[in-house]
Every structure is written in C-alpha cells, then in structure tokens.
Amino acid sequence: MYLDETDYRILQLLQTNAQLTIKEIAAEINLSITPVHDRIKKLEREGVIEKYVTILNKKRLGKGLTVFCNVTLDKQQRENFQEFSEAMLQMPEVVECCVVSGTFDYLIKIIATDVESYHTFYQEKLATLKAISHISSFFVMSEVKSTTSLPI
C-alpha cells in the first residue's frame with residue numbers, strides 16, 4: 001500500500017495519542033474531516049493500523065519488575081519451537097517473545113510484581129517446559145527508553 005506524507009502525519013499523530021478525534025487530526029494537518037476519516041478507515045482496512053490500545057503504567061499497577069530472558073531450546077526442532085511458542089502465548093507474564101538468531105533461540109520480556117513473583121513464575125511455569133535447555137535472566141535496573149511508536 002502506498003502511503004503519502006498526509007498518511008504518515010496521521011499515523012504519527014495517532015501513535016502519539018490514539019484518542020485524538022478526527023476533527024482534531026483534521027485541524028492539525030489542515031484537511032477537512034471527511035478525507036481524514038476516509039484515510040484512517042483505509043489505513044485500518046489495509047492493516048497499517050492494527051489496533052488501538054491503552055498503555056498502562058506498570059509501577060502504578062504494582063508490576064515494577066521487568067525481566068528479559070534468553071532461552072535456549074534443547075534441540076532446534078520444529079516441534080520444540082512450536083511447543084515453546086504455544087506455551088508463551090498462554091503466559092500473561094510474558095509480554096514479548098521473539099525467535100532470534102545468535103547464541104540462544106528466544107528473547108522474552110516478562111513483567112512481574114517483584115523478584116519473588118518472578119521466581120515463582122520461573123520455577124512453576126518457565127523452567128517446567130521440557131524443550132528448554134538453558135535460561136538466562138536479566139533484571140531491568142532502569143528503563144532509559146520505552147515506546148510503542150514506530151519510526152515513520
């Protein structure tokens with residue numbers, strides 16, 4: 001799908017604040033309401049805009065610990081990857097999970113209340129998966145940058 005400068009401007013505005021009204025977006029980019037509405041609907045239809053979400057404050061919800069884990073599977077077989085990936089989809093503590101290249105197979109991001117709750121998650125959920133050979137955990141000390149905005 002071809003995107004012009006106006007489409008990109010709309011996307012930038014929505015990434016900054018998805019609660020902007022069509023009227024507010026139209027005023028910001030100097031277009032009337034109807035073409036802005038039509039462009040947004042087209043961006044949604046074409047899958048450029050996937051969904052609208054609310055970003056929650058982890059600390060205010062008592063979820064102050066972020067942990068990254070490098071996970072290496074026992075054997076790099078399709079069944080192991082499938083089994084592990086399916087397990088990750090069932091664990092709400094896991095907020096991101098990526099298959100990566102390099103010295104390990106997965107990089108996962110986990111949100112927990114504290115070290116004790118992470119330890120429970122680790123022992124009772126993550127480490128019980130039979131396809132895993134090795135797990136390395138890295139605790140986030142301070143978040144320098146965290147954004148959902150794509151560089152467009």
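Is Leu-43 buried or exposed, and what is its relative accessible area? Leu-43 is buried, at a relative accessible area of 0%; buried stands for under 20%, exposed for over 50% and partly exposed for values in between, with a 1.4 Å probe and protein chains only. The model is predicted: local features need pLDDT of at least 70, side-chain atom pairs count only at pLDDT 80 or more, and totals for chains, interfaces and linings use all residues. Residues are numbered from 1 along each chain as its sequence is written, and side-chain values use heavy atoms, with hydrogens and water left out.

View 1. Helices (H or I, at least four residues) and strands (E, at least two) are DSSP runs numbered from the N terminus. Leaving aside neighbours within four places in sequence, Leu-43 is in contact (heavy atoms within 4.5 Å) with Met-1, Leu-3, Asp-7, Ile-10, Leu-11, Val-48 and Ile-49. One of these, Leu-3, is 40 residues from Leu-43 in sequence, and the two C-alpha atoms are 9.1 Å apart.

**View 2. Packing of helix 1 (residues 5-16) on helix 3.** The axes are 11 Å apart, at an angle of about 80°. Axes are lines fitted to C-alpha atoms, for helices over the stretch in contact, and angles run from 0 to 180 degrees between N-to-C directions. Helix 1 is thus roughly perpendicular to helix 3; angles under 35 degrees count as roughly parallel, over 145 as roughly antiparallel, 65 to 115 as roughly perpendicular and the rest as oblique. Helix 1 contributes Thr-6, Asp-7, Ile-10, Leu-11 and Leu-14 to the contact, and helix 3 contributes Val-36, Arg-39, Ile-40 and Leu-43. By class, six of the residues are nonpolar, one is polar and two are charged. Here Ala, Val, Leu, Ile, Met, Phe, Trp, Tyr, Cys and Pro count as nonpolar, Asp, Glu, Lys and Arg as charged, and the others, Gly among them, as polar.

View 3. On helix 2 the contact is made by Ile-22, Lys-23, Ile-25, Ala-26 and Ile-29, and on helix 3 by Ile-33, Val-36, His-37 and Ile-40. Seven of the contact residues are nonpolar, one is polar and one is charged. The phi of Asn-30 is near 60°, a positive value in a residue other than glycine. Most residues other than glycine have a negative phi.

**View 4. Residues 3-64, listed by UniProt as "domain: HTH asnC-type" in an unreviewed entry.** UniProt positions are given in the numbering used here, feature names are shortened, and annotations may be inferred rather than shown by experiment. The chain over residues 3-64 is 53% helix and 0% strand, and the end C-alpha atoms are 39 Å apart.

**View 5. The largest nonpolar core, of 21 residues.** A nonpolar core is a set of buried Ala, Val, Leu, Ile, Met, Phe, Trp, Tyr and Cys residues joined through side-chain atoms within 4.5 Å. Cys-69, Phe-84, Met-88, Ile-108 and Leu-126 have the most contacts inside this core. At least two residues each come from strand 1 (65-73), helix 4 (78-89), strand 3 (106-112), helix 5 (115-124) and strand 4 (132-139). Strand 1 gives the most, with five residues. Not counting residues up to four places away in sequence, Phe-84 touches Val-71, Leu-73, Cys-97, Tyr-106, Leu-126, Leu-129 and Ile-132. Another core, of twelve residues, lies apart from this one and includes Leu-11, Val-36, Ile-40 and Ile-49.

**View 6. Asn-70 in strand 1.** Asn-70 is buried, with a relative accessible area of 14%. Neighbours within four places in sequence aside, Asn-70 is in contact with Phe-104, Tyr-106, Leu-107, His-134, Ile-135, Ser-136 and Phe-138.

**View 7. Ile-111 in strand 3.** Ile-111 is buried, at 14% relative accessible area. Contacts of Ile-111, leaving aside neighbours within four places in sequence, are with Lys-58, Lys-63, Leu-65, Thr-66, Glu-93 and Val-95. Phe-68 is 43 residues from Ile-111 in sequence and 9.0 Å away in space, C-alpha to C-alpha.
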